[in-house]
Amino acid sequence: MTQSTRVRRMIYCATACLAAALSLMQISCDRQGKRAAAMSNSPVETKDQRDARMEWWREARFGMFVHWGLYSGLAGTWKDKSVGDRGGMEWIQQRVGADTWEYAREAVPRFRPKEGFATDWAKLAHEAGAKYVVFTTKHHDGFCLFDSQYTDYDARDMVGRDLCKEIVDAIRAEGLKVGFYHSVIDWHHPQYDYDKANQLPHPLHGKSSPNGPRNHDIYVDYLHHQAKELFSNYGPLDIIWWDYSKEGNDGPFWRAEQLMAMARRLQPDIISNNRLYHIPDIEKEDSSGRLRTWKPEQGDFTTPEQTIPATGIPGVDWEVCMTMNTTWGYSDHDHQWKSNETLIRNLIDIASKGGNYLLNIGPKADGSVPVESVQSLQAIGAWMKVNGESIYSTTAGPFEKLDWGRCTQKRLANGKTRLYLHVFDWPKDGRLVVPLASGTRAKARLLAGGKPLRVVADKQQFSIAVEGEAPDRTSTVIELDLDGPPTVVKPAL
Ligand code: GLC
């Protein structure tokens, strides 16, 4: 132990005691606050207040996710062998069953962030049309990108830089909102009790603890202290994105109520996902499980992962998080990139159902973004530049299903409705049939360039005359202005 590490440890112990005392005081303040709210019988937040807080997020529709940490340098390879060409390589420590020291020995020397990497990310997100960026402050491996006084296993100690600050500053400089992904699972902390947290992954599962019995409460204190650092040291924070919990290891297991109260106290406008709690069906297509289980007190939005719910989730804020290939953290071996068309259509599909799209990049150890991701984000950006109006600030379309594409909508100030018809399959017979009442009065034009289109509202059906090839093969957007709310009819068989 060097002199400076010794000093650091002493400071750590002193601060831990102080923080524990403060957190006791905090618990009593929280209790008093809650008692006051309960006594006055007033809800913590009214619907209007909540709507105001959620407004920017609902309008944004598109965010960029970043998974970056020690695993990025391993890049899917462990001791010269590929760990596989599919799946989350941010889990590499767990996949190879390495303890934290062996993992750190392999990974730390490879993690070499270049200067200015964060500015490149932020500019890329901006160029793509994303309105917010959520990045990993700490993933399951426990390595912190932020400067924490509670651990040496952070970027300040290992790399000599507060990478979290660099990233936050860069994102803010681009005028984007900032979100912290923070893992409640921790494969590094010596008191993270993986026997107790047995519903959750840990590289040492099945093996005895190398440092003897563990004390879960000490780890949870650490989790809370670090959350406080994140909520206090980086200015206004827009999103906290917790990850993740399973039945039995959720909510009270993390003292979630207290964590969320702390978030609201220190960052009153913060928006939070609900992964401090167990959410079933997160990776299944059917949204009914999520629909039934979403509870506002568990977080503001729910997070279907790698899958787009078949229908929207009315009354629930949701965000699909998704990789561009199959891994969140960078891998040299995963080449299963989604096409630009798929990514753009996913964004449209999600917006047409009323959700947000959080699309992931997994930068390399130096912070550079894989060229495939750069190109795809630029392609999305080019499409959004022309068609963004049909995504931002829209709500779910009124139709259950459209054979040729998707629809988003906006209520206009004068009681009119604007529908954005996203045509994936351009009609070959020159008629785009829209399941609206045949008498509907409407004006149609191409969003790109504004060319007017003829509306044919005959007795049988409502259609729009289109000709030739699709102007945009990914999705051509037609703007359709209606005098009032749409009257939807079942499409003729
Ligand atoms: C899962 C994975 C994790 C990833 C996250 C993104 O929970 O454990 O590796 O960060 O999903 O949603």
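## Cavity lining

The residues lining the largest cavity comprise six nonpolar and seven polar members, with no charged residue among them. This description refers to a predicted model.

The volume of the largest cavity is about 80 Å³. Its lining is formed by 13 residues, of which N325, T327, W337, G362 and P370 lie closest to the cavity centre. At a threshold of 30 Å³ or more, the count comes to one cavity.

K138 belongs to strand β4, which spans residues 132–138. The relative accessibility of K138 is 1%, and because buried means under 20%, K138 counts as buried.

The side chain of K138 forms a polar contact of 3.1 Å with the side chain of Y219.

## Confidence of the model

The protein chain has an average pLDDT of 90, and 88% of the residues score at least 70. Over residues 1–42, by contrast, the pLDDT is below 50. Beyond near neighbours in sequence, the stretch of residues 1–42 has 26 contacts in the model.

Methods
Residues are numbered from 1 along each chain as its sequence is written. Side-chain values use heavy atoms; hydrogens and water are left out. Helices (H or I, at least four residues) and strands (E, at least two) are DSSP runs, numbered from the N terminus. Buried means under 20% relative accessible area, exposed over 50%, partly exposed in between (1.4 Å probe, protein chains only). A polar contact is a pair of N or O atoms within 3.5 Å; within protein, one must be able to donate a hydrogen and the other to accept it, and residues adjacent in sequence count only if both atoms are side-chain atoms. On a 1 Å grid over the protein atoms alone, a cavity is a set of points where a 1.4 Å probe fits but cannot get out, and a pocket is an open set with protein on both sides within 12 Å along at least five of seven lines; lining residues have an atom within 4 Å of a point. Grid points are joined across faces, edges and corners, and a volume is the space filled by probe spheres set on the points. Ala, Val, Leu, Ile, Met, Phe, Trp, Tyr, Cys and Pro count as nonpolar, Asp, Glu, Lys and Arg as charged, and the others, Gly among them, as polar. pLDDT is the predictor's confidence in each residue, from 0 to 100. Contact means heavy atoms within 4.5 Å.
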